[in-house]
Amino acid sequence: MPDISVGAQVFDLTFHPTESIVYVGLLTGEVPLKPSKRSCRGLTVDERGDRIWSVGKGKSLCTIDTRTAQITNTQLAAHECSINRVRYISQHFLATGDDDGTVKLWDPRTPAEIRAYNHHFDFISDFLWLPDKKHLVVTSGDGTLSVLDVRSGKPAPFAQSEDQEDELLSATAIKGGQKVVVGTQMGTLSIFNRKSGWGDCVDRTPALIDALCTLPSSYPSSHSTILTGSSDGLIRVVQLLPTKLLGIVADHGDFPVERVVVDRAGEGRWVGSVGHEDVLKLTDLKDIFEDEDEGGVGEGDSEHVGSEDEGPSITAPDSDEPEPEDPKSKSGKKKQAKDPLAKKKEKKGRNQIVTDPSFFSGL
């Protein structure tokens with residue numbers, strides 16, 4: 001899909017959970033259906049797509065009715081400083097985080113905050129909701145990760161990690177939610193194992209990471225493969241445990257990638273990405289993951305596609321090279337012929353990054 005020009009730098013984006021609608025928050029303070037004099041830094045939408053909450057430099061928390069495009073509520077001075085992130089959790093909980101490290105929980109039905117947390121001392125960069133334990137994972141520029149139990153009435157975290165000696169910028173879950181991957185400013189993926197506690201990460205992988213996003217669960221490799229947005233403008237597909245760079249799905253040029261989001265509440269086919277530019281990029285996952293197409297497996301098809309060790313088969317979005325079709329394939333998908341002269345796969349270390357140059361031939 002061609003780039004969508006929005007007229008100003010984009011800070012955040014969110015998709016309608018059930019319809020083909022995407023909302024962006026701009027430097028100019030627009031959603032763009034919500035005009036404001038100060039920048040909009042964060043957006044979140046409820047589970048039905050009826051309401052959007054926006055936050056930004058103006059310190060206010062705004063509620064927008066998506067059906068009427070009208071602001072239905074504005075919580076002025078919701079924080080003492082600019083608000084950097086907002087996350088809808090449930091009909092009873094909404095979380096906001098500001099530049100000074102304060103996290104607040106709100107009940108969307110009432111105007112006052114439920115409680116505030118002040119254990120971080122630098123900007124809040126991301127939220128990750130773990131529904132099985134009702135835990136909210138918070139990453140911060142102070143180098144620590146914390147876990148909030150929203151059911152507890154105490155204004156203190158359930159757990160907080162040691163200083164990771166780097167700014168933590170983003171977080172996402174893999175392995176069925178049992179492991180949490182955190183991206184850092186200096187270019188490292190830190191992996192936390194929930195069973196081992198939150199004190200410190202259990203593994204580190206070098207990578208250029210500013211934004212993280214998981215694949216839809218319909219893809220067999222989604223439990224160990226993520227999308228990463230980087231300061232070099234590239235959105236990569238990375239397999240973890242073991243680490244393997246599988247390919248590049250989008251390129252923002254010289255602009256760092258700020259946010260990467262999959263539509264339909266993370267279960268759709270479109271990846272939206274934004275950087276320090278005035279365009280929104282939309283990439284079709286079905287064009288990228290040829291062998292892991294949702295229609296290729298799962299509906300009466302017993303063929304196994306992809307694996308944890310090998311990862312999904314990926315083709316660069318602009319590659320025009322044809323591939324031979326396997327007449328025995330039930331799904332009719334095109335597959336690469338095996339090369340009998342190909343070099344045998346070498347044994348690799350746990351954190352060694354392996355790349356296949358063919359993935360980048362069309363870029």
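## Close-up views of a predicted model

**View 1. Strand S17 sits inside the structure.** 6 of the 6 residues of strand S17 (residues 179–184) are buried, so S17 is largely enclosed by the rest of the structure. This is a predicted model: local features need pLDDT of at least 70, side-chain atom pairs count only at pLDDT 80 or more, and totals for chains, interfaces and linings use all residues. Residues are numbered from 1 along each chain as its sequence is written, and side-chain values use heavy atoms, with hydrogens and water left out. Buried means under 20% relative accessible area, exposed means over 50%, and partly exposed lies in between (1.4 Å probe, protein chains only). Strands (E, at least two residues) are DSSP runs, numbered from the N terminus. Lys179, Val181 and Gly183 point one way from S17. Val180, Val182 and Thr184 point the other way. Both sets are buried.

**View 2. S17 pairs with S16 and with S18.** Two strands pair if DSSP finds at least two bridges between them. Strand S16 (residues 168–174) runs antiparallel to S17, and the two share 6 bridges. Strand S18 (residues 188–193) is also antiparallel to S17, here over 5 bridges.

**View 3. The hairpins on either side of S17.** The hairpin of S16 and S17 has 4 residues between the strands. There, Lys175 takes a positive phi near 55°. The hairpin of S17 and S18 has 3 residues between the strands. In this hairpin, Gly187 takes a positive phi near 100°.

**View 4. Asp99 and Arg41 meet in a salt bridge.** Side chains of opposite charge can pair when their charged atoms come close. A salt bridge is a side-chain nitrogen of Lys or Arg within 4 Å of a carboxyl oxygen of Asp or Glu. The structure holds 14 salt bridges. In the one between Asp99 and Arg41, the closest N and O atoms are 2.8 Å apart. This pair links distant parts of the chain, 58 residues apart. Asp99 is in the loop between strand S9 (93–98) and strand S10 (103–106), while Arg41 is in strand S4 (residues 40–45). Asp99 is partly exposed, at 26% relative accessibility. Arg41 is buried, at 17%.

**View 5. Glu113 and Lys104 form a salt bridge.** The distance from N to O is 3.0 Å. Lys104 has 12% and counts as buried.

**View 6. Asp126 and Arg259 join two strands.** Their salt bridge has its closest N and O atoms 3.9 Å apart. Asp126 lies in strand S12 (residues 124–130) and Arg259 in strand S24 (residues 257–262), so the pair ties together parts that are 133 residues apart in sequence. Asp126 is buried, at 8% relative accessibility. Arg259 is buried too, with a relative accessible area of 17%. Salt bridges that share partners join Asp12, Asp126 and Arg259 into one network.

**View 7. Asp12 is buried in strand S2.** Strand S2 covers residues 10–15. Asp12 has 1% relative accessibility. A polar atom of its side chain lies 2.9 Å from the backbone nitrogen of Leu43. Contact means heavy atoms within 4.5 Å. Leaving out residues up to four places away in sequence, Asp12 touches several residues, including Tyr23, Leu43, Arg85 and Arg259.

**View 8. Trp53 and Tyr88 stack.** A pair of aromatic rings is described by the distance of the centres and the angle of the planes. Rings of Phe, Tyr and Trp (its six-membered ring) pair if their centres lie within 6.5 Å; planes under 30 degrees apart count as stacked, over 60 as edge-to-face and the rest as tilted. The structure holds 2 aromatic pairs. One of them is Trp53 with Tyr88, at 5.4 Å centre to centre and 15° between the planes. Trp53 is in strand S5 (residues 51–56) and Tyr88 in strand S8 (residues 83–90), 35 residues apart. Trp53 is buried, at 2% relative accessible area. Tyr88 is buried, at 8%.

View 9. A disulfide is a pair of cysteine sulfur atoms within 2.5 Å. The structure holds 0 disulfides. Cys62 is buried, at 6% relative accessibility.

Key:
Polar contact = N/O pair within 3.5 Å; in protein donor to acceptor, adjacent residues only side chain to side chain.
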